[in-house]
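Please look over the structure below.

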Amino acid sequence: MGDLERELRDLSAWLETPEPPDVTARVRVRLGTPAPRRRRWRSLAAAAFVALLVALLPPTRAAIADAVTGLLRFAGVSIATSPAPVPPGGTASPLPGQRTVALAEAQRAVRFPIRLPAKLGPPEQVLVADPDATGRYRVATLLYDGGALRVDAFDGHLDLAFHKEITPPGANWVQVNGDFAVWVDGPHALSYVDRAGEIRRETARLAASTLIWQDNDVSYRLEGALTKAEAIEIARSLG
């Protein structure tokens, strides 16, 4: 099995798709050929399965799932499913090197454009976090409603930046401006993934419903007490 087919099969565990119609009899009539042997039928079925997933699923290089461990990686965020995730206790630590800055300073401090959602307007507070050796920061955060509503933006070229632990079904595919996004419905445990790929458990906190998407190689997390429709409208208003 090739890498593409393996990734597609893993991703299928995250989607609910209807059973495909049985069209083999009609195809045989049109081709005027006898019924194929079982081995050929299995090959054709596998090929059709892969073709169906290619049509239904987002690009596998942007979204990779492991059906065995229940882990989805999409737009710089990993989402792990478990029967009953334990909410983090105590007060979470801030992200590495996190500090409050003015919006103009934040724009100079990161390597990507900071775009404001028109539906929310100017943020009440702006944070930057996790600087590299050159002083450029990895994450920019826009805070609204006293911090209860937040937009995290980070370079989509980077590896994972956040790790979520949810109770199934918990996450499902939606669309933002015609592109795939992930909606996490309800509170879940959220941790930061540092530049070495290690999950920083001391940063763990209980997050609200979240929309995750990517646009022009920048990844976004919109988190707050929002419905799915409200979150998508805010994401679409990104200036």
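R138 and D130 are both buried (under 20% relative accessible area, with exposed meaning over 50% and partly exposed in between, for a 1.4 Å probe and protein chains only). Their side chains meet in a salt bridge at 3.7 Å, N to O; the term stands for a side-chain nitrogen of Lys or Arg within 4 Å of a carboxyl oxygen of Asp or Glu. The model is predicted: local features need pLDDT of at least 70, side-chain atom pairs count only at pLDDT 80 or more, and totals for chains, interfaces and linings use all residues. Residues are numbered from 1 along each chain as its sequence is written, and side-chain values use heavy atoms, with hydrogens and water left out.

**Salt bridges**

- The structure holds 12 salt bridges.
- Side chains of opposite charge can pair when their charged atoms come close.
- One of the bridges joins R111 and D132, at 3.1 Å from N to O.
- This pair links distant parts of the chain, 21 residues apart: R111 is in the loop between α4 (103-109) and β5 (125-131), and D132 is in the loop between β5 and β6 (137-144).
- Helices (H or I, at least four residues) and strands (E, at least two) are DSSP runs, numbered from the N terminus.
- R111 counts as exposed because its relative accessibility is 51%, while D132 is partly exposed, with a relative accessible area of 24%.
- Another salt bridge connects D215 with R115, at 2.9 Å from N to O.
- Here too distant parts of the chain are linked, with D215 in strand β13 and R115 in the loop between α4 and β5, 100 residues apart.
- D215 has 21% relative accessibility, so D215 counts as partly exposed.
- A network of salt bridges links R150, D152, R205, R221 and E223.

**A buried charge without a salt bridge**

- D155 lies in strand β7 (residues 149-155).
- D155 is buried but has no salt bridge, and the nearest side chain of opposite charge, R111, is 6.0 Å away.
- For charge, Lys and Arg count as positive and Asp and Glu as negative; His and the chain ends are not counted.
- Leaving aside residues up to four places away in sequence, D155 touches F112, R138 and D217 (contact means heavy atoms within 4.5 Å).

**Helix α5**

- In helix α5 (residues 228-236), the buried residues are A231, I232, I234 and A235.
- These buried residues fall within an arc of 160° seen down the axis of α5, so they line one face of the helix; the arc is that of the directions from the helix axis to the C-beta atoms.
- Their cover includes β9 (171-176), β10 (179-184), β13 (210-215) and β14 (218-223).
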